[in-house]
Amino acid sequence: MTAATTAQLSRAALNDYIESHLANAARPLSLAEVFVVVYPGQRASASALLALRKRLAYLAAEGRLVTEGYGDGRRFSALTDAQRAELAAQ
């Protein structure tokens, strides 16, 4: 997906795109790595990274993503099937 097409996605579609990309990633990704995938070719300015960090935090709060670590060392990944089942049971 190109930067132009991700910029045109609705919030819900962009959230789904991020979640599906993280589900297919081989390992948890840093904020910068997620940014490159979501906005290819764009400069990762402080405000752009902050906006993406807020979106990822929102997805994690909704239970759609898992975060590991803190601050600049934070990594993001999709929920595993076992984690989804555990959340559904709660």
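The following legends describe close-up views of a predicted model.

Residues are numbered from 1 along each chain as its sequence is written, and side-chain values use heavy atoms, with hydrogens and water left out. Because the model is predicted, local features need pLDDT of at least 70 and side-chain atom pairs count only at pLDDT 80 or more, while totals for chains, interfaces and linings use all residues.

**View 1. Overall arrangement of the chain.** Five helices and three strands are present in the chain; helices (H or I, at least four residues) and strands (E, at least two) are DSSP runs, numbered from the N terminus. Their order along the sequence is α-α-β-α-α-β-β-α. Of the 90 residues, 31% are buried, where buried means under 20% relative accessible area, exposed over 50% and partly exposed in between (1.4 Å probe, protein chains only). Among contacts (heavy atoms within 4.5 Å) between residues at least 6 apart in sequence, 49% join residues at least 24 apart.

**View 2. The largest nonpolar core.** A nonpolar core is a set of buried Ala, Val, Leu, Ile, Met, Phe, Trp, Tyr and Cys residues joined through side-chain atoms within 4.5 Å. The largest one has 17 residues, of which Ile-18, Leu-22, Val-34, Leu-52 and Leu-56 touch the most other members. At least two residues of this core come from each of α2 (11-24), α3 (31-38), α4 (46-61) and β3 (75-78). Leu-52 touches Ile-18, Leu-31, Val-34 and Phe-35, not counting residues up to four places away in sequence. In soluble globular proteins, nonpolar side chains tend to be buried together.

View 3. The 16 residues of α4 reach 22 Å from the first C-alpha to the last, close to the 22 Å expected at 1.5 Å a residue; the expected span is 1.5 Å times one less than the number of residues in the helix. Leu-49, Leu-52, Arg-55, Leu-56 and Leu-59 are buried in α4. Seen down the helix axis, the buried residues of α4 fall within an arc of 125°, so they line one face; the arc is that of the directions from the helix axis to the C-beta atoms. These buried residues pack against α2, α3, β2 (65-68) and β3. Ala-46, Ser-47, Lys-54 and Ala-61 are exposed on the other side of α4. Gly-63, which follows α4, has a positive phi near 85°.

**View 4. The crossing of α3 and α4.** The axes of α3 and α4 come within 10 Å and cross at roughly 100°; axes are lines fitted to C-alpha atoms, for helices over the stretch in contact, and angles run from 0 to 180 degrees between N-to-C directions. The two helices α3 and α4 are therefore roughly perpendicular, a term that covers angles of 65 to 115 degrees. Leu-31, Val-34 and Phe-35 of α3 make the contact with Ala-48, Leu-49, Leu-52, Arg-53 and Leu-56 of α4. Leu-31, Val-34, Phe-35 and Val-38 are buried in α3. They cover an arc of only 105° around the axis, which puts them on the same side of α3.

**View 5. Ala-48 in helix α4.** Ala-48 lies in α4 and counts as partly exposed at 22% relative accessibility. Leaving aside neighbours within four places in sequence, Ala-48 is in contact with Phe-35 and Arg-43.

**View 6. The packing of α2 on α4.** The axes of α2 and α4 are 11 Å apart, at an angle of about 80°, and the two helices are therefore roughly perpendicular to each other. Arg-11, Leu-14, Asn-15 and Ile-18 in α2 meet Leu-52, Arg-55, Leu-56, Tyr-58 and Leu-59 in α4. The buried residues of α2 are Leu-14, Asn-15, Tyr-17, Ile-18, Glu-19 and Leu-22. Asn-15 has a relative accessible area of 6%. Not counting residues up to four places away in sequence, Asn-15 touches Arg-55, Tyr-58, Leu-59 and Arg-64.

**View 7. Leu-22 in helix α2.** Leu-22 is placed in α2 and counts as buried at 3% relative accessibility. Beyond residues up to four places away in sequence, Leu-22 touches Leu-29, Val-34, Leu-65, Phe-76, Ser-77 and Ala-78. The C-alpha atoms of Leu-22 and Val-34, twelve residues apart along the chain, are separated by 8.2 Å.

Notes: Angles under 35 degrees count as roughly parallel, over 145 as roughly antiparallel, 65 to 115 as roughly perpendicular and the rest as oblique.
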